[in-house]
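Please look over the sequence and the model below before reading on. This report describes how parts of the chain are placed against each other.

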Amino acid sequence: MRDESRHILVVDDSAIARTSMRIALENVGHRVSEADCGNAALKHMLGEQPDLIITDLNMPGMDGIAMVERMNEMGRKCSVLVVTTEASNALKEAGKALGIKAWVHKPFQPTAMIQAIKVLTHRKG
C-alpha cells in the first residue's frame, strides 16, 4: 500500500484515539498529522493540505461539523471521514450536505477505518 500512501490529518480531542488511529494508519504506510480540535486542524491546513481528514464530531471549542463548514468557507476541500459515537440520521445528513463522505462508529476497528479510507481514496481518483 505504500504506493497509495496519503497524508492524513487525524482530529480528535482524545490523545488515546489519535494515537490508536496514528498507529493503524502508519502501519499501512500513511503519513499522519494530528490536531486536538477543529481550530488546530484549520491552522494545520493553512500550512499543509492533507489528502484526507479523519475527525471526531464532539470536541471542545470547534466540533467536527463546524470544522468542515469552516474548511469549506476557506476553500480547503478534501475527503472527510468521521469517527464518532454519534449515530443520528439527521447529523449524518447534515454532514453529508457539507461533504462528509464516510462515518465509522467508535469504538472503531482499525480494519473498518482502513477500508473506509480505501473506498474514499478510490472515489477521488
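The model is a predicted one. In it, the axes of helix 3 (residues 64–74) and helix 4 (residues 89–98) come within 10 Å and cross at roughly 15°. Angles under 35 degrees count as roughly parallel, and helix 3 and helix 4 are therefore roughly parallel to each other. The crossing of helix 3 past helix 4 is left-handed.

| Helix | Residues in the contact |
|---|---|
| Helix 3 | Ile65, Val68, Glu69 and Asn72 |
| Helix 4 | Leu91, Gly95 and Leu98 |

By type, the residues of this contact between helix 3 and helix 4 are four nonpolar, two polar and one charged.

Which residues of helix 3 are buried? They are Gly64, Ile65, Met67, Val68 and Met71. Viewed down the axis of helix 3, these buried residues fall within an arc of 160°, so they line one face of the helix. In general, an α-helix has 3.6 residues a turn, so residues three or four places apart point the same way. The cover over the buried residues of helix 3 includes strand 1 (7–11), helix 2 (38–47), strand 3 (52–55), strand 4 (79–84), helix 4 and strand 5 (100–105).

Arg31 belongs to strand 2 (residues 31–35). Arg31 has a relative accessible area of 42% and is partly exposed. Apart from neighbours within four places in sequence, Arg31 is in contact with Ser5, Arg6, His7, Ile8 and Glu48. Arg31 and Pro50 are 19 residues apart along the chain, and their C-alpha atoms are separated by 9.5 Å.

Key: Residues are numbered from 1 along each chain as its sequence is written. This is a predicted model: local features need pLDDT of at least 70, side-chain atom pairs count only at pLDDT 80 or more; totals for chains, interfaces and linings use all residues. Side-chain values use heavy atoms; hydrogens and water are left out. Axes are lines fitted to C-alpha atoms, for helices over the stretch in contact, and angles run from 0 to 180 degrees between N-to-C directions. Helices (H or I, at least four residues) and strands (E, at least two) are DSSP runs, numbered from the N terminus. Angles under 35 degrees count as roughly parallel, over 145 as roughly antiparallel, 65 to 115 as roughly perpendicular and the rest as oblique. A crossing is left-handed if the near helix is turned anticlockwise from the far one by less than a right angle, and right-handed if clockwise. Contact means heavy atoms within 4.5 Å. Ala, Val, Leu, Ile, Met, Phe, Trp, Tyr, Cys and Pro count as nonpolar, Asp, Glu, Lys and Arg as charged, and the others, Gly among them, as polar. Buried means under 20% relative accessible area, exposed over 50%, partly exposed in between (1.4 Å probe, protein chains only). The arc is that of the directions from the helix axis to the C-beta atoms.
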